[in-house]
Amino acid sequence: FKQKTAYEIYQCDWSSDVCSSDLAPPRDVWSTGDGREWKLESRQTPVIHTDLPMNLTFKDRMWMMGGWHNGRLPGHSASNQVWSSEDGSQWRQETTKAPWSARLAGGLVEHKGRMWVLGGTENYYFGDASSLKNDVWSSVDGKEWNLEMAKAPWSARAYHQAVTLNGRIYVLGGGNYVPVHEARNDVWSSVDGKEWKLETANAPWAPRLWFSAAVYRGRIWVLGGWSKEKNNFGDVWHSADGRDWQRLETPGCWKARHEHSAFVWRDRLWVAGGHAQPLSNEVWSLSLPADWKP
């Protein structure tokens with residue numbers, strides 16, 4: 001990993017030091033072409049549920065949906081609104097109320113020309129296990145949604161990750177935060193979002209919440225995260241199939257953290273921000289040699 005400060009995509013809300021369950025979440029949007037120099041695109045988007053929303057790029061637009069607002073403050077809420085933007089400055093509300101229940105911290109991927117929402121929780125700080133979801137929804141436009149499964153075979157969960165690789169959707173780890181902490185390290189995959197295969201019940205990376213995942217060089221990457229037993233993780237793992245995992249040793253690189261961003265751009269794997277005790281606005285990138293083999 002090499003520390004940078006850049007990528008020509010947009011990243012919302014991690015740059016602020018104001019992040020607490022006793023404050024409303026930040027709503028600013030910044031962009032960069034190199035990770036070092038940043039431009040403020042929007043000081044305050046119309047999207048207010050910016051705590052653990054679900055995000056992706058789809059059809060040349062940035063999408064933000066779900067999420068939580070106002071922490072533990074009065075008037076807190078989850079969302080099932082769907083928003084999109086071409087430029088990070090102007091945002092369009094695609095629907096005020098999607099048919100999936102208001103939630104945060106679910107999985108969101110693009111697969112077969114559709115966006116897929118997978119699980120999440122309806123209540124961040126005040127719920128119980130009944131708030132967790134394992135439903136699967138898909139949409140071609142963010143307005144109309146199809147329920148693909150009311151209850152997938154993977155257990156109801158939030159704070160997990162979802163990626164796509166070789167024509168399959170993968171759901172990884174996650175679990176529950178309150179009132180009972182439960183972290184997992186299982187991995188499931190599906191071709192169609194309906195028939196699911198357990199790839200492993202216990203990956204070699206420790207059970208965790210609030211980690212990040214991405215697909216880079218034909219492999220799934222799991223980076224960092226948090227658990228009650230461990231606190232922050234700073235490890236990096238990769239797999240070609242979700243079953244067999246290898247650890248990438250990264251001594252002296254980014255500090256252990258959770259709720260960070262991970263993405264791929266210009267043949268590099270990037271890590272940005274996160275809670276590294278304290279909050280961080282570092283940006284790191286990894287470039288593997290062309291002839292790299294696991």
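These legends walk you through close-up views of charged pairs and aromatic rings in a predicted model.

**View 1. Arg61 and Glu86 form a salt bridge.**
Side chains of opposite charge can pair when their charged atoms come close. Here the closest N and O atoms of Arg61 and Glu86 are 3.5 Å apart. Arg61 sits in strand 6, while Glu86 belongs to the loop between strand 9 and strand 10, so this contact ties together parts that are 25 residues apart in sequence. Glu86 is exposed, because its 59% is over 50%. In the model as a whole, the count comes to 15 salt bridges.

**View 2. Asp186 meets Arg157 in a salt bridge.**
Look for the closest N and O atoms, which lie 2.8 Å apart. This pair links distant parts of the chain, with Asp186 in strand 17 and Arg157 in the loop between strand 14 and strand 15, 29 residues apart. Both Asp186 and Arg157 are buried.

**View 3. Arg243 and Glu199 belong to a network of salt bridges.**
Start with the salt bridge between Arg243 and Glu199, where the closest N and O atoms are 2.8 Å apart. Arg243 is found in the loop between strand 21 and strand 22, and Glu199 in strand 18, 44 residues apart. Arg243 is partly exposed at 37% relative accessible area, whereas Glu199 is buried at 9%. Which residues make up the network? Through shared partners, salt bridges join Lys197, Glu199, Asp241 and Arg243.

**View 4. Tyr124 and Tyr159 form a tilted aromatic pair.**
The model's count comes to 20 aromatic pairs. In this one, the two rings are 6.0 Å centre to centre, with 40 degrees between the planes. Tyr124 lies in the loop between strand 12 and strand 13, and Tyr159 in the loop between strand 14 and strand 15, so the pair ties together parts that are 35 residues apart in sequence. Tyr124 and Tyr159 are both buried. The two tyrosines also belong to one aromatic cluster, together with Trp68, Tyr125, Phe126, Tyr177, Trp210 and Trp226.

**View 5. Trp265 and Trp270 make another tilted pair.**
The ring centres of Trp265 and Trp270 are 5.9 Å apart, and their planes meet at 55 degrees. Trp265 is buried at 14% relative accessibility, and Trp270 is buried at 3%.

**View 6. Arg208 lies over the face of Phe233.**

Conventions. Residues are numbered from 1 along each chain as its sequence is written. This is a predicted model: local features need pLDDT of at least 70, side-chain atom pairs count only at pLDDT 80 or more; totals for chains, interfaces and linings use all residues. Side-chain values use heavy atoms; hydrogens and water are left out. A salt bridge is a side-chain nitrogen of Lys or Arg within 4 Å of a carboxyl oxygen of Asp or Glu. Helices (H or I, at least four residues) and strands (E, at least two) are DSSP runs, numbered from the N terminus. Buried means under 20% relative accessible area, exposed over 50%, partly exposed in between (1.4 Å probe, protein chains only). Rings of Phe, Tyr and Trp (its six-membered ring) pair if their centres lie within 6.5 Å; planes under 30 degrees apart count as stacked, over 60 as edge-to-face and the rest as tilted. A charge sits over a ring if NZ of Lys or CZ of Arg is within 6 Å of the ring centre and within 35 degrees of the ring normal.
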